[in-house]
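Please keep the viewer open as you read.

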Amino acid sequence: MLLKRSQFLALAAGALVTPLVASCGKSAAPSGPVDIDPKGEIKPREISWLLSRPANGAVIDTMQEIAGEYAEEHAGFQLTLITTPDRPSYIQKYETLAAANKLPELFDTDATPFAQKLASQNKMVNIADLLDHFGITDQYRPSALDYQRFDDGSLYMIPLEYGIEVFWYNKALFKQAGVEVPASLDDFPAACKKLADSGVTPIALDGLDGWTLERYVAYQPFRMEGEEYIKSLKKAESTFADEPGRKMAQWLHDLGSSGAFQEGFSSVGYADAQSLFTSGKAAMYNIGTWELPSLATTELSQDLQDNIGFFTLPTTAGSKTGANEYVAPSGIGVAVNASTYDPLVHDFLKFVLERYPEKYAATGLLGPTTIEPVVPDNALPIYKEAIAEAANVSGAALMPWDTQLDPTTNTKLQQEQVLLVQGDITVDEFVETMDAALTENASAYFNE
């Protein structure tokens, strides 16, 4: 996901917060798909958005600005933002409200199995149909929409962000250690060993948030089998003992043995990991282009300005996916509650989607449409290079495993991956433990 999971803060100043249940009335799901263009009078009222995004972020600021403009034209309208201080609490609240049919008009969700069940129960508006109805589908980056799709290809979430995840690296530290940019994922352990022997941390990692290390869990299987492996694994139709899972586990073990991550990485947070790289103490940092303002401007030290580069996820011998296929997330999506979808919600969404792309681009960040961001005055040349690289993304998208696995198995994976990298458990122990978790939890979750 694009948002920083450890940085869910209070809402930005000026955002109105009201008790969630008070703002959401219970309503039954429609018996079938709703009319994308509901007929009737537009009656301004307060609508709510259940969200899980950092306060003062570009998404919230842009949406608040647009909602304010809409309110100026529609007296009585108000968009109320309802947030939660941390990701696990948000998911619990979201799923509880969904079960009680009390979700608000708009709500954040990844393309999870839980969300797919809501869509199959006609509780979400079909976004593919909505974008086609507005005539704007072709304005979106295909990879931004693909990230929001369910396994069957259906689209029920609106992307508000976009980014590519790359390996930022310090060219001077690579040269000092005699290391070349890895041509294959399989080259990483040896490269990391050389970097560690030269006295630097090979890869700065935010180990406190499990999703960052879990990206590494997904890399080898994605290169070997594309998305097919995780699609079958999450339902326990494949196992961690299968070749993609075992190779992944061995690769993680080898990264740990090579000293790839900083000592005590499991307790290091997002900001500290980034600081380790920007201070010149780490040679690589795997993060997305949402950090361009921090990694590609004159805010960096002069030494790093002169030496920063990036490379995309390397392939492997016989890789099923290509060089232009890697992690390109469009963040947590916005779903539209079918039970409360009416002429007002329809009209507001049309208003938003007409204005959002240009306003978001003005923040300097890549957005979900093809409108290029406004590059800030203090940008380094690499800023534009990263934006240009995003246009090359094509084919299969690597879906983060934390949005794919059942919650219990995912929690277990985030615990076990740390132990494996630290050398506290063997590859066989990791595989055995994770397959036991799958057996116990996956089938019940996907078939309930």
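A polar atom of the Asn286 side chain lies 3.1 Å from the backbone oxygen of Val166. The side chain of Asn286 also makes a polar contact with the side chain of Tyr219, at 2.5 Å. (A polar contact is a pair of N or O atoms within 3.5 Å; within protein, one must be able to donate a hydrogen and the other to accept it, and residues adjacent in sequence count only if both atoms are side-chain atoms.) Asn286 is buried, with a relative accessible area of 12%; buried means under 20%, exposed over 50%, and partly exposed in between, using a 1.4 Å probe and protein chains only. Leaving aside residues up to four places away in sequence, Asn286 touches Glu165, Val166, Phe167, Tyr216 and Tyr219, where contact means heavy atoms within 4.5 Å.

Before going further, a word on what you are looking at: this is a predicted model, in which local features need pLDDT of at least 70, side-chain atom pairs count only at pLDDT 80 or more, and totals for chains, interfaces and linings use all residues. Residues are numbered from 1 along each chain as its sequence is written, and side-chain values use heavy atoms, with hydrogens and water left out.

Asn286 sits in strand β6 (residues 282–288). Strands (E, at least two residues) and helices (H or I, at least four) are DSSP runs, numbered from the N terminus. What is the order of the strands in the open sheet? The 4 strands run β5-β6-β4-β7, with mixed pairing; two strands pair if DSSP finds at least two bridges between them. β5 (201–204) and β7 (308–311) are at the edges with a single partner strand each, so one side of each has no neighbour in the sheet. On average, neighbouring strands are turned by 25° against each other, direction ignored. Between β5 and β6 there are 3 bridges in the parallel sense, and Ala204 has Tyr285 of β6 as its bridge partner.

Now look at the helices on this sheet. Helix α8 lies across β4 (165–170), β5, β6 and β7, at about 120° to β5. Helix α12 (residues 270–278) packs on the sheet too, touching β4, β5, β6 and β7, and its direction makes about 135° with that of β6. For such angles, axes are lines fitted to C-alpha atoms, for helices over the stretch in contact, and values run from 0 to 180 degrees between N-to-C directions.

How do α8 and α11 lie relative to each other, parallel or perpendicular? Their axes come within 8 Å and cross at roughly 10°, so α8 and α11 are roughly parallel. (Angles under 35 degrees count as roughly parallel, over 145 as roughly antiparallel, 65 to 115 as roughly perpendicular and the rest as oblique.) Phe188, Pro189 and Cys192 of α8 meet Trp251, Asp254 and Leu255 of α11.

Strand β3 (residues 106–109) joins β8 through 4 bridges, running antiparallel, and Thr109 stands opposite Gly333.
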